[in-house]
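Here is a structure to walk through. Keep the sequence and the model side by side as you read.

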Amino acid sequence: MKFLRERVLKGETMFGVAAQLGSALTVEMIGRAGFDWTWIDCEHGSGDYSELIHQIQVARLGDSPAVVRIAWNEPTRFKRVLDLGAAGIMVPYVNTAAEAHQAAQSMRYQPEGIRGVAGSPPACGFGQGFDDYYAKANDNLLTVVQIETVEGVKNADEIAAVPGVDVLFVGPMDLSINMGMPRQFKDAAFEANLERVVAACRKHGKAAGILTPTLDYLAPWKAKGYSFFVVGSDSTNLAKLLVDLHAKCAELKG
């Protein structure tokens, strides 16, 4: 079995969907639909730790492993999520190589990192699979850092050079707002920043990731060199479905 990190670093095109409603049921739906990975959002999502437990449990039983976006780059947040059995962590708002290094360290056991060790959590099979998990965790877990500012783009080369960082993932909404051009994703300056991130990833053997505002951006951004995608979310897709459904029903009212 290939682990998610291995597939990502080999350059496979990977499609994921965001689970933002805090529901294990939507995580199950994402997996059943056949997506490559599930993005459990604990930064802007509605769920908390008690919901996360069940979301990761469901993801582990399926074929769409969970990458959890934590709320901030703090070591204690990494430990709890990884111990539940997440396949990786996404770290928001990484602007410097030092911040990327802290994230990579928080993902890993000593001597490569600072992650605390416990044999009893779900990730270790509640103690039954600790030796195997401990031996392989540093190599198998995916580390994703988000590039969401002009500063982050400027430092993309140094961030991509950090050992243990696997994916530079652009947040287009935050980046465009930080640039002073909200949602102007086709602007030449915005496009240039996307290309700068890809160039840094290619130089250092990392993957470039991005959230697609609509599927219209998927093909052109893939052509630029992006391979690790979030292509929708349970919240926005369900909301749009309901709005469209209501509109069709309203037509019948006359």
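**From a surface patch to the pocket**

Leu-242 is found in helix H12. Helices here are DSSP runs of H or I with at least four residues, strands are runs of E with at least two, and both are numbered from the N terminus. The model is predicted, so local features need pLDDT of at least 70 and side-chain atom pairs pLDDT 80 or more, while totals for chains, interfaces and linings use all residues. Residues are numbered from 1 along each chain as its sequence is written, and side-chain values use heavy atoms, with hydrogens and water left out.

Leu-242 is partly exposed, at 48% relative accessible area. Buried means under 20%, exposed means over 50%, and partly exposed lies in between (1.4 Å probe, protein chains only). Leu-242 belongs to a nonpolar surface patch with Leu-21, Leu-238, Leu-241 and Leu-245. Together they have about 460 Å² of accessible area. Such a patch joins nonpolar side chains (Val, Leu, Ile, Met, Phe, Trp, Tyr) within 5 Å, from residues with over 30% relative accessible area and no salt bridge. Areas come from the Shrake-Rupley method with a 1.4 Å probe.

H12 (234-253), strand E2 (37-41), helix H9 (172-178) and strand E8 (228-233) each supply at least two lining residues. E8 gives the most, with 4. The pocket holds about 780 Å³ of space. Of its 28 lining residues, Leu-211, Thr-212, Pro-213, Ser-233 and Thr-236 are the closest to the centre. A pocket is an open set of points on a 1 Å grid where a 1.4 Å probe fits, with protein on both sides within 12 Å along at least five of seven lines; lining residues have an atom within 4 Å of a point.

Now turn to charge. Side chains of opposite charge can pair when their charged atoms come close. The structure holds 14 salt bridges (a side-chain nitrogen of Lys or Arg within 4 Å of a carboxyl oxygen of Asp or Glu).

Which residue pairs with Arg-69? The partner is Asp-41, with the closest N and O atoms 2.8 Å apart. This pair links distant parts of the chain, strand E3 and strand E2, 28 residues apart. Both Arg-69 and Asp-41 are buried.

Glu-195 and Lys-224 meet at 2.7 Å, N to O. They connect helix H10 to helix H11, 29 residues apart. Glu-195 is partly exposed at 42%, whereas Lys-224 is buried at 18%.

Glu-12 and Arg-7 form a salt bridge at 3.0 Å. Asp-36 joins these two in a network of salt bridges.

Note on methods: Points joined across faces, edges and corners; volume = space filled by probe spheres on them. Patch = residues over 30% accessible without salt bridge, like charges linked within 9 Å, V, L, I, M, F, W, Y side chains within 5 Å.
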